[in-house]
Structure formats: structure tokens, C-alpha cells
Amino acid sequence: MTVLEEGIARPHAPERASAWEVVHDWVTTVDHKKLGVMYISSALVFFLIAGFEATLMRIQLAVPNNDFLPPNTFNRLFTMHGTTMVFLVGMPMFFGFANYLTPLMIGARDLAFPRMNAFGFWLFLFGGILLYFSFLGGDGLYGAGTAPDVGWFAYAPLTGKAFSRGNSTDYWILGILVSGFGSTGTALNLAATILTMRCPGMTWGKLPLFVWLMLVNCLLTLIILTPLTAAQVMLLFDRYLGAHFFDTQAGGSAVLWQHFFWFFGHPEVYVLILPAFAMANEIVPVFSRKPLFGYPFMVGATVLIGFISLSVWAHHMFVVGLSPAANTFFTLSTMAIAVPTGIKIFNWLGTMWGGKIRFKMPMLWCTAFLFSFVIAGLTGVMLAVVPWDWQLSDSYFVVAHFHFVLIGGLLFNIFAAIYYWFPKVTGRMLDEKLGRLHFWIFATGFYLTFTTMHFPGLLGMPRRIYTYEAGRGWDTLNLITSLGVAVQLVGLTFFLWNVVRSLLKGDPAGDDPWDAWTLEWSTTSPPPEYNFEQIPVVHSRRPLWDLKHPEDPDWRYE
Amino acid sequence: MSTPHREHPDAVVAPAPTMWPMLAALGATLVFAGLVTHVVATIVGAVLFVISAIGWFREVLPEEATEIVPFVAAERRARAVVASTRTVEHLHPGGPGGHRMRLPVEIHPYTAGLRGGVVGGAVMALLACLFGLIDQHSVWYPINLLAASAVPSLATASVPELMQFSALGLVVATIVHGLMSLLVGMLYAMILPMLPRQPILLGGLIGPLLWTAIIWASLGIVNPTLEERIHWGWFIASQIGFGLVAGIVIARSEKIQTMQALPIALRAGIEGGMPGHGGEDEK
């Protein structure tokens with residue numbers, strides 16, 4: 001063992017660590033890469049749980065007059081499914097990828113506050129566990145209810161003590177509150193890292209777009225979590241201390257919660273989708289063998305999306321009965337956000353245009369993302385039109401729309417990112433054949449489920465109903481929707497099998513299996529704890545391109 | 001902010017692993033969990049949080065606890081990035097390979113589109129009136145048909161009524177036709193330079209046919225009166241008349257340069273004289 005002048009030298013890792021040593025190593029780690037892996041792994045576990053809940057719901061809705069599930073259980077399942085997917089899958093996926101990749105991409109050794117990073121992760125995990133403990137302990141002191149059953153946006157005053165007895169709603173509040181503290185810390189940490197720890201030469205104009213988007217996302221997270229936390233504390237005051245913020249009979253407001261929640265809730269959609277954009281920004285150019293088209297516009301569009309997303313929240317409240325002026329404003333702002341989003345779509349297409357496209361697994365998923373996200377955007381603009389929204393608010397059309405955003409947009413790119421960066425994280429390639437089976441089967445199931453789901457919504461089927469009468473024109477459509485879920489499960493099985501198999505005996509990845517251009521590919525796979533022996537110096541947005549093509553480096557043109 | 005990772009020749013000084021963040025998070029969670037389980041959970045959580053906070057502070061004050069992480073052996077380090085043997089091909093607008101072949105480096109001015117719209121619209125109106133004279137012996141017939149989309153009384157009018165002069169119909173039809181002609185003319189001016197090969201042929205014949213197909217599919221919703229009485233042969237002829245005449249008027253105008261091919265810095269007026277860079281493609 002070598003002891004230098006400060007700190008304690010770590011012995012070289014033994015060939016085979018005991019299980020206790022492995023657990024201790026991961027529990028006490030402050031390394032951004034391990035915490036990133038823990039974020040992503042936890043999110044994947046919660047994703048499987050949420051997927052299981054969705055499957056149960058789709059079995060219930062597959063045929064009319066079904067009683068596969070009791071009504072109260074159905075309410076708990078859609079509440080937990082939505083809450084889990086937003087707070088325990090989407091957010092930690094964002095933080096996981098940001099944690100792992102940001103320091104590597106900006107040539108840093110870790111985040112600015114490594115211990116706070118660990119604190120943030122554990123708060124997220126324990127918050128999630130507290131939420132799910134409600135299934136066991138939801139009876140609590142009062143013996144009423146189990147898991148929360150108030151929907152993922154938990155509208156007050158229906159979540160007040162008078163309408164929501166027992167502790168189930170409290171679990172929803174507290175679980176999300178605790179996770180939210182962790183998210184705030186991690187967002188602050190990432191923003192500080194990006195602002196202060198970029199390697200020499202990495203000016204704002206040379207920052208990888210992935211990192212740009214993560215910065216905007218962190219700032220957005222810091223802005224929007226505050227009103228949610230405030231509203232949750234107000235609701236706790238109402239429930240425990242007899243306050244009347246949301247109690248209409250005592251002068252409280254019936255719509256105040258909605259304003260607070262959706263001021264968080266809609267930008268939250270962008271907090272979830274911007275990481276997906278960030279992933280596409282890295283993957284599409286590498287597999288098109290071209291630099292990203294319109295880098296400055298992509299940065300500008302991202303910042304614009306961040307700003308505009310803060311002014312669209314009340315399009316979730318058109319059916320509340322807003323004033324004509326408010327309806328007009330939120331319609332226009334919602335439509336306006338399609339402009340920077342459209343710029344991104346066109347720039348990705350511009351990147352692919354004329355390139356030598358390699359349809360490896362990451363690119364396949366990104367291409368499917370582009371297709372799905374355009375459809376999601378179009379139905380989003382449709383829902384921004386007030387009369388249309390009045391007709392279809394709280395219908396399955398809305399459910400189909402946001403699943404196109406969050407599955408076709410976010411999840412597709414998460415799959416792309418896993419295929420792309422799995423070799424860097426593990427040192428092994430994911431299997432291409434199993435990957436293609438995963439892609440085609442899952443994508444088929446996805447389109448079967450969620451394309452079909454638009455139509456019962458158009459035919460008037462409300463979301464969250466426990467069952468329905470036969471003969472309304474919804475029967476066959478719901479059956480197809482549920483069958484699509486079964487197809488998705490088959491695809492997902494291939495993915496899980498691929499991950500396990502590749503972890504055990506995947507092909508060695510090497511340092512740079514995709515011939516990519518950002519700094520993470522200049523270190524080993526997996527990277528050492530310190531990331532780089534020497535802090536890199538960059539001269540352009542594609543530092544590895546400059547090294548691979550000294551005769552034609554990017555810095556000549558930037 | 002943490003200031004670890006000081007450099008050594010063959011090692012890095014990194015923050016030491018610690019259990020306190022995990023225990024502090026557990027303590028904080030238990031504090032809240034006590035609200036829905038038992039007060040003991042809150043007490044245990046608070047105690048755990050305080051102990052963890054003390055432990056955490058002692059690790060970072062007055063000096064941060066660190067560990068030395070030696071570099072991995074040389075043979076296990078990342079390989080140096082080597083220069084690629086593949087050549088790089090730069091793509092230029094209109095260059096070989098078809099990249100951005102249709103990027104309009106030069107376009108017709110908007111005023112040409114407005115002129116084309118006015119002249120093309122006049123020709124189209126003449127053809128439509130000719131249809132009225134030949135088919136119904138009334139020049140007002142096609143005018144009233146067009147106005148029927150916005151004038152309820154004309155929408156329910158009989159054929160003899162449609163053949164009579166209507167001031168309201170004339171005003172509405174003039175506004176509808178004039179506006180549409182101007183807008184389509186401007187659109188035409190913008191897309192004409194992007195149409196490959198025979199732009200006048202494409203814009204004057206194929207474009208009107210596609211436009212007619214769209215009208216055919218949607219006319220029942222927009223103007224049911226017109227749909228009942230429309231003569232598709234004359235309709236197509238008037239569309240082609242507009243397309244050909246407007247196309248010729250626009251094509252005769254002098255093109256102006258766009259800034260599409262210029263770098264962003266030049267376009268934004270930040271700096272000038274940068275070399276053009278159309279992207280590259282590895283071969």
C-alpha cells in the first residue's frame with residue numbers, strides 16, 4: 001500500500017471482493033459513476049414495478065364489465081403507476097445519466113459536491129421506498145386505505161382530510177416530498193458542476209449539447225420543484241394542523257392546488273423529455289457520421305423550451321373554466337412551445353440528411369423516437385386548442401398523447417442511451433440480435449397499444465374508469481390496446497435477457513466502440529474512478545474528432 | 001464546494017467513501033415516515049439525522065477526508081486516440097452527393113410572389129367567369145358559388161338565385177379570392193426555387209392537380225354548396241391557369257440571395273469573413 005502525504009491510500013482492489021465488501025463499496029460511494037448506475041438501476045426496478053401495475057390495469061380494461069381487479073385497487077394502481085413513472089423512473093433516469101456522463105463529458109473527475117450527490121440519491125430511493133411502503137403500512141394509525149388512490153396529480157380539496165381519510169394520501173405527499181429534496185440537491189449539484197468544472201478550452205460554445213440540456217433541465221428542476229414542495233407542505237398543514245388553504249368552506253381555494261401543481265407538472269414534462277433530447281443530440285450525429293446540424297439553434301431552442309414551459313401550465317385547466325383571456329394566452333403559449341421543439345426535430349433530420357447513417361441499436365431507437373415524438377407533438381397542439389380540449393380532457397385521447405410523449409419520446413431514447421452507453425459503463429457490448437428483437441417487438445407493441453388508445457378517447461371513453469359497458473364501440477379497441485401491452489412485455493423480456501447475458505458474456509467493448517467524438521469515449525470502458533489520468537484540453541465541440549482527423553479538425557470552423 | 005482530486009504524478013486525491021450521506025437520508029426519511037407510522041420512527045430518524053450530520057461535518061471540517069486513488073497500470077489505461085485513415089468529405093450546397101441540393105441559395109422576392117398572385121388570380125377569375133358564361137350563361141354564378149362558403153343566404157340559394165348579381169357575394173368572393181391568390185402567390189415564390197427540374201411544369205400543372213385533390217377531399221366540409229355544383233374540369237383548368245401564369249410572372253423576377261449558406265456568426269452580424277462550412281461526411 002502506498003501512503004502519500006494526504007489521505008489514505010486505497011489498496012489495489014482484490015481479484016474477488018466478498019459480497020459484504022461489494023455492498024459496502026456501493027453504499028458508501030460518492031463516485032458519480034456508481035451513483036449514476038444506482039440511479040439508473042433503481043429507476044429500472046421502479047419501471048418494472050410501474051409496468052406491472054400498468055399490465056394489471058390493462059387486463060382489467062381488456063374486456064367490458066370485467067372484475068379482475070376491485071375498483072379501489074384499480075384506483076391505487078393508476079395512482080402508483082403515474083406517480084412512479086414520473087417521480088421514480090423519469091426523474092432518476094435523468095439524474096442517473098446526468099450523473100454518470102456530465103463529469104466525463106466536461107472532462108471533470110466528479111461532481112462539485114460528491115457527498116451531497118450521494119445524499120440526493122439516497123433521499124430519492126428512500127422516498128420511493130416510503131411511497132411503496134404504503135401498500136404495507138397504508139392502514140397506518142387509522143386502519144383506512146393502503147396505497148394512495150388520488151391520481152398522480154392528487155387534486156385538492158379532494159385530497160383534504162374530509163375526502164381522503166387515513167394515511168394513503170400522506171404517503172403520496174411524504175414520499176414525493178422526500179424524493180423532491182433529493183432531486184433539488186442533485187439538480188443544484190449538477191448545475192454547479194457544469195458552471196464551474198469544465199475542462200480547459202470547454203467554453204459555452206464548445207459544451208456538448210447533452211450537457212447544455214442537462215444544465216437547462218437542472219435550472220428548470222430547481223424552479224418547478226419549489227411550488228410543488230410548497231403545495232405539499234400546505235396540504236400537510238391542511239391535513240394535520242387544520243389549515244384551510246384548499247378548504248373551500250373555510251375560504252380556501254378549489255383551484256389553488258391545480259395552479260401550484262401544474263406550474264410544476266407541465267414543465268416537469270420537459271424535465272422528463274429534455275434528457276431524451278440530450279441523448280438524441282449525442283447519438284444521432286455519431287450514427288449519421290456528421291456534426292450536429294444547427295448547434296447554436298439547438299442551444300437556443302433548449303433555453304426557449306425551458307422559458308416557455310414555465311408559461312403553459314393552465315392548458316391542463318381549460319375545463320376548470322378560465323377566462324377567455326387566460327384560455328387565449330395558454331393556448332398561444334402552448335402552441336408557441338412547438339416552435340423550438342420543431343426546430344429540434346428539423347435539426348435532427350438535418351443531421352441525418354446526407355449522412356452515412358448506421359442503423360445500430362441506438363440509432364434505431366432514436367429514429368423511432370423522432371417518428372413517435374412528432375405524433376405526440378401534433379396531438380399536443382390539438383389539445384392546446386380550447387374547444388378540442390373541452391371535448392377530450394380527461395379522456396383516453398389524453399392518455400394516449402402523453403404516453404406517446406413519455407414512452408415514444410422518453411423511453412425510446414432511454415433505450416437508445418442504454419444501448420449507446422452500456423459499453424462504456426460495463427465494458428461489454430449489448431447483443432445486436434437480441435436488441436433488434438427487443439426493438440421490433442416492443443415498438444410494435446407500443447404502436448399497437450398507444451395508437452389504438454387514441455380512438456376510445458375520441459369516442460368518449462374517460463380515463464381512470466374502472467370498467468365500462470359493452471356496446472359503446474370501445475370493446476375491440478380496448479382489447480387491441482391490452483394485447484399491445486402483452487407484445488411490449490415480450491419485447492421487454494428480450495431487453496432484460498440481453499442486459500443480463502451481455503453483463504455476463506457480452507463482447508468486449510473497447511474504449512470507443514462507436515467511433516464517437518465526446519470525451520467519455522477517450523477513457524477506458526468502464527472508466528477508472530478518477531475518469532482521466534490527465535485533465536483533457538479541448539478545442540472544439542468534438543474533441544475526439546480533432547484527434548482522429550488532425551488534417552481537418554473542427555476548431556477550424558467553430 | 002468540495003476541492004478534492006488534487007493531482008499527484010501517478011495518483012489522484014479523491015473524496016473518501018462515506019456512509020453519512022446514506023444514513024442522513026435514512027434519518028430524514030424516517031422523520032417524515034413517523035407522521036404516517038409511529039412517533040418512534042420520527043424520533044429515531046431525528047437522532048439518526050443529527051448523528052449523521054455530526055459525522056458528515058467531522059469528515060469535511062476542518063480538512064476534507066480524502067483517499068489516494070492510484071492510477072491503474074499503464075496497460076489497463078485508455079489507448080491513445082489515433083488518427084483515422086478515412087478521408088473526410090465536405091458537403092456543400094448543391095455539391096456532389098445531393099446534399100442540400102434543394103436548399104434555396106437564391107429565392108424570388110416576396111413582391112414577385114404578390115405580383116404573381118395578382119396576375120394569376122386575375123387569369124383564374126377570368127377562366128371562372130368564362131365557365132359561368134358557358135355553363136350557366138351568367139358571370140355571377142361562379143362568384144356567388146365561391147361566396148357561399150361565408151354567406152349563409154347564398155349557401156341555401158337555388159341556381160337561378162346564384163345567377164343573379166349579389167353585391168355581398170361580389171365583395172366576399174373578391175376578398176376570399178384576392179387573399180387566397182396573394183398568399184398562394186407568395187408561397188409559390190418561396191417554393192419555386194426548391195422545385196427540381198421543370199419548376200413551372202411542376203408548379204403550374206402537378207401542383208394544381210394535387211391542390212385539386214385536397215379541395216376535392218375537403219370541399220364538402222368547407223363549402224357544400226360549391227361541392228354540389230362544381231365542374232371539376234373547369235376547376236382544374238382555372239387552377240392550372242393560375243399556376244402557369246403566376247409561375248411565369250414569378251420566374252421572370254430577379255432572384256435575391258438568401259443567407260442560408262452563410263455561417264451563423266455572419267448571419268447574426270457578430271463577425272464577418274468566416275469560411276463557409278457545410279458539414280462533413282466520413283467516407
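Predicted model: local features only at pLDDT ≥ 70, side-chain atom pairs only at ≥ 80, totals over all residues.
## Chain B as a whole

Let's start with chain B, which has 11 helices and 6 strands. Chain B contains 283 residues, and 38% of them are buried. Now look at which parts of the chain meet one another. Among the contacts in chain B with a separation of 6 or more, 67% are between residues 24 or more positions apart. The surface is worth a glance too: chain B exposes about 15,600 Å², and carbon and sulfur atoms supply 69% of that area.

## A cavity in chain A

The model holds 5 cavities of 30 Å³ or more. Let's visit the second largest cavity, which has about 60 Å³ of space. Which helices of chain A each supply at least two residues of its lining? They are α3 (71–105), α5 (168–196) and α6 (209–241).

You can find the lining in the structure by looking for Phe87(A), Met91(A), Ile176(A), Ser179(A), Gly180(A), Ser183(A), Leu225(A), Leu228(A), Thr229(A) and Gln232(A). How do these residues divide into nonpolar, polar and charged? There are 5 nonpolar and 5 polar residues in the lining, and no charged ones.

The largest nonpolar core has 183 residues. The members that touch the most other members are Phe97(A), Phe210(A), Trp348(A) and Trp421(A). Take Trp348(A) as an example. With neighbours within four places in sequence left aside, Trp348(A) is in contact with Phe277(A), Ala280(A), Asn281(A), Val284(A), Leu292(A), Met298(A), Phe369(A) and Leu370(A). There is also a second, separate core of 17 residues, and its members include Leu154(B), Leu219(B), Leu226(B) and Phe235(B).

## Backbone details

Next, zoom in on the backbone.

| Residues joined | Omega |
|---|---|
| Ser525(A) and Pro526(A) | about -5° |
| Leu61(B) and Pro62(B) | near -5° |

Where do the two prolines sit? Pro526(A) is in the loop between α16 (475–505) and α17 (543–548) of chain A. Pro62(B) belongs to the loop between α2 (39–60) and β2 (66–70) of chain B.

Another backbone angle, phi, picks out two arginines. Arg289(A) is not a glycine, yet its phi is positive, near 55°. This arginine is in the loop between α7 (256–288) and α8 (295–308) of chain A. Is Arg289(A) buried or exposed? Its relative accessible area is 4%, and buried means under 20%, so Arg289(A) is buried.

The other arginine is Arg464(A), with a positive phi near 70°. Arg464(A) lies in the loop between α15 (432–458) and α16 of chain A. Its relative accessibility is 25%, so Arg464(A) counts as partly exposed.

Phe78(A) is part of helix α3 of chain A. With a relative accessibility of 15%, Phe78(A) counts as buried.

Ala486(A) sits in helix α16 of chain A. It is partly exposed, because its relative accessible area is 40%, which falls between the cut-offs of 20% and 50%. Ala486(A) is 44 residues from Phe442(A) in sequence, with 9.5 Å from C-alpha to C-alpha.

Finally, Val537(A) is found in the loop between α16 and α17 of chain A. Its relative accessible area of 52% is over 50%, so Val537(A) is exposed. How many residues along the chain separate Val537(A) and Pro114(A)? The answer is 423, and the C-alpha atoms of this pair are separated by 23 Å.

Terms used:
Residues numbered from 1 in each chain as written. Chains lettered and ligands numbered in written order. Heavy atoms only, no water. Helix = DSSP H or I, 4+ residues; strand = E, 2+ residues; numbered from the N terminus. Buried < 20%, exposed > 50% of the residue type's maximum accessible area, 1.4 Å probe, protein only. Contact = heavy atoms within 4.5 Å. Areas by Shrake-Rupley, 256 points an atom, 1.4 Å probe, with all protein chains shown as cover. 1 Å grid on protein atoms, 1.4 Å probe; cavity = no way out; pocket = protein on both sides within 12 Å on 5 of 7 lines; lining within 4 Å. Points joined across faces, edges and corners; volume = space filled by probe spheres on them. Nonpolar A, V, L, I, M, F, W, Y, C, P; charged D, E, K, R; others polar. Core = buried A, V, L, I, M, F, W, Y, C linked by side-chain atoms within 4.5 Å.
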